[in-house]
Amino acid sequence: MNSSTLRISFAALATALVATTIVHAQTPATPATSAATPAKVPWKRVKPETPPGFTLVTKDVAVYPEHTVTLTLYVPDKPGKYPAVLDIHGGGWKDRQVEQDRPMMERLAARGFVTGIVAYRLSQEAKYPAAINDCKAAVRYLRAHAAELKIDPDRIGAMGGSAGGHLTGLLAMTNGLPEFEGDGPNRDQSSAVKAAIVMAGSQDLVAANKDKSNPGTVAFLGATYQENPKVYEQASPLAHVRAGVPPTIFIEGEKDTLKIGRAEMQEKLRALGIETDLHTLKDAPHPFWMSQPWCDETVEIAAAFFKKHLGEPKFTNP
């Protein structure tokens, strides 16, 4: 091998060594054990179980050919006059989710309330305003049967999630407006609520549907926004905020989608001096109130809010 060939070989060898060094420098060493993946928040769907000291009863509120509106109620065995909370279940106005909401209302009942869940007419059974009419009828039923159910008729609140959140907002914001009462029974009773909790529910159906057609909303209202804009406005809780509506707070999940109209509704409430607040549950999905740990978190928020505005039970001797 001549000197020229030897110089080329050494140069090639040096280049290879440098390249090898660079590759090893850029490739991270494989650890003996890989870093643990951050754990997801554990959640568990909860099942209904009537709490000790309560009786589960079902009452017929109104009978229609398409559906009998019912109330699933938790009534304390101990004599007294209790504040009451009506729950309006979700399900896109088309699915009946009474069973899914029972665990939440059982836990709330155990904190000193009569609680009930209304099974209103769904969109495939009757179009709007049937659902809100049924929710109003449910409140009137609670007042008409207050003595039997151990309810203080002056202390009734409401809560609901998703589609039930929309209906809860509409129920609260239309306190005292006769055009929302419907033709249900007990019309001599008030359907007004003293406090409300909206969970994960949009409050402005106009903004949510003006530029697109949501099949669930179309089925509920019976038309697209372009076909009947007035019904979208009338069915929007945001459109009815006015002086005298009850304190209303909102609970939402951190992992849920934006609830259209909620922020604007809170602005209106604050401008009127009406109490409102937003509780965002960390890592919570939609519908958070059906699963742990968020079911208990929701109940704690609800119990504190309703005890503030509805008070504690007043016990009586048998």
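Let us start with E252, which is found in strand β8, spanning residues 248-253. The model before you is a predicted one. Is E252 buried or exposed? Its relative accessible area is 10%, and the cut-off for a buried residue is under 20%, so E252 counts as buried. Which side chain does the side chain of E252 meet in a polar contact? The partner is the side chain of R262, at 2.9 Å. Once the neighbours within four places in sequence are set aside, E252 is in contact with A200, K259, R262, L278, H279, T280, L281 and F288.

One of those residues, K259, leads us to the largest pocket. K259 is among the residues that lie nearest the centre of this pocket, together with W93, S202, N214 and T217. In total, 21 residues line the largest pocket. Which element gives the most? The answer is α6, with three residues. As for the volume of the largest pocket, the value is about 460 Å³. Sorted by class, the lining holds 11 polar residues, seven nonpolar residues and three charged residues.

W93 sits in the loop between β4, residues 80-88, and α2, residues 98-109. Although W93 is not a glycine, its phi is positive, at about 65°. The relative accessibility of W93 is 9%, so this residue counts as buried.

S162 is not a glycine, and its phi is positive, at about 65°. Where is S162 found? The residue is in the loop between β6, residues 151-161, and α5. With a relative accessibility of 19%, S162 counts as buried, because the cut-off is under 20%.

The helix α5 brings us to M173, whose place is in that helix. M173 has a relative accessible area of 0% and is therefore buried. Which residues surround M173, apart from its neighbours within four places in sequence? M173 is in contact with P237, H240, V241, R242, V245, P246, T248, M265 and L269. There is also a distance to note: M173 and V193 are 20 residues apart along the chain, and their C-alpha atoms are separated by 9.4 Å.

Next, please find T224 in the loop between α7 and α8, the latter being residues 229-234. T224 has a relative accessible area of 17%, so T224 is buried. Leaving out the neighbours within four places in sequence, T224 is in contact with S213, V218 and Y232. For S213, the separation from T224 is 11 residues in sequence and 6.3 Å in space, taken from C-alpha to C-alpha.

I turn now to the region around strand β10, residues 291-292. S291 is found in this strand. S291 has a relative accessible area of 5%, and it is therefore buried. Beyond its neighbours within four places in sequence, S291 is in contact with W43, K44, R45 and V46.

Two cis peptide bonds deserve a look here. A cis peptide bond joins H286 and P287, with omega at about 5°. P287 lies in the loop between β9, residues 278-281, and β10. The peptide bond from Q292 to P293 is also cis, and its omega is near 10°. Where is P293 placed? P293 is in the loop between β10 and α10, the latter being residues 294-310.

Finally, let us consider the protein as a whole. How many helices and strands does the protein have? There are 10 helices and 11 strands. The protein has 318 residues, and 51% of them count as buried. Among contacts with a separation of 6 or more, 77% are between residues 24 or more positions apart. The list for E252 may be read again in this setting, with A200 among the residues in contact with E252.

Methods. Residues are numbered from 1 along each chain as its sequence is written. This is a predicted model: local features need pLDDT of at least 70, side-chain atom pairs count only at pLDDT 80 or more; totals for chains, interfaces and linings use all residues. Side-chain values use heavy atoms; hydrogens and water are left out. On a 1 Å grid over the protein atoms alone, a cavity is a set of points where a 1.4 Å probe fits but cannot get out, and a pocket is an open set with protein on both sides within 12 Å along at least five of seven lines; lining residues have an atom within 4 Å of a point. Grid points are joined across faces, edges and corners, and a volume is the space filled by probe spheres set on the points. Helices (H or I, at least four residues) and strands (E, at least two) are DSSP runs, numbered from the N terminus. Ala, Val, Leu, Ile, Met, Phe, Trp, Tyr, Cys and Pro count as nonpolar, Asp, Glu, Lys and Arg as charged, and the others, Gly among them, as polar. Buried means under 20% relative accessible area, exposed over 50%, partly exposed in between (1.4 Å probe, protein chains only). A polar contact is a pair of N or O atoms within 3.5 Å; within protein, one must be able to donate a hydrogen and the other to accept it, and residues adjacent in sequence count only if both atoms are side-chain atoms. Contact means heavy atoms within 4.5 Å.
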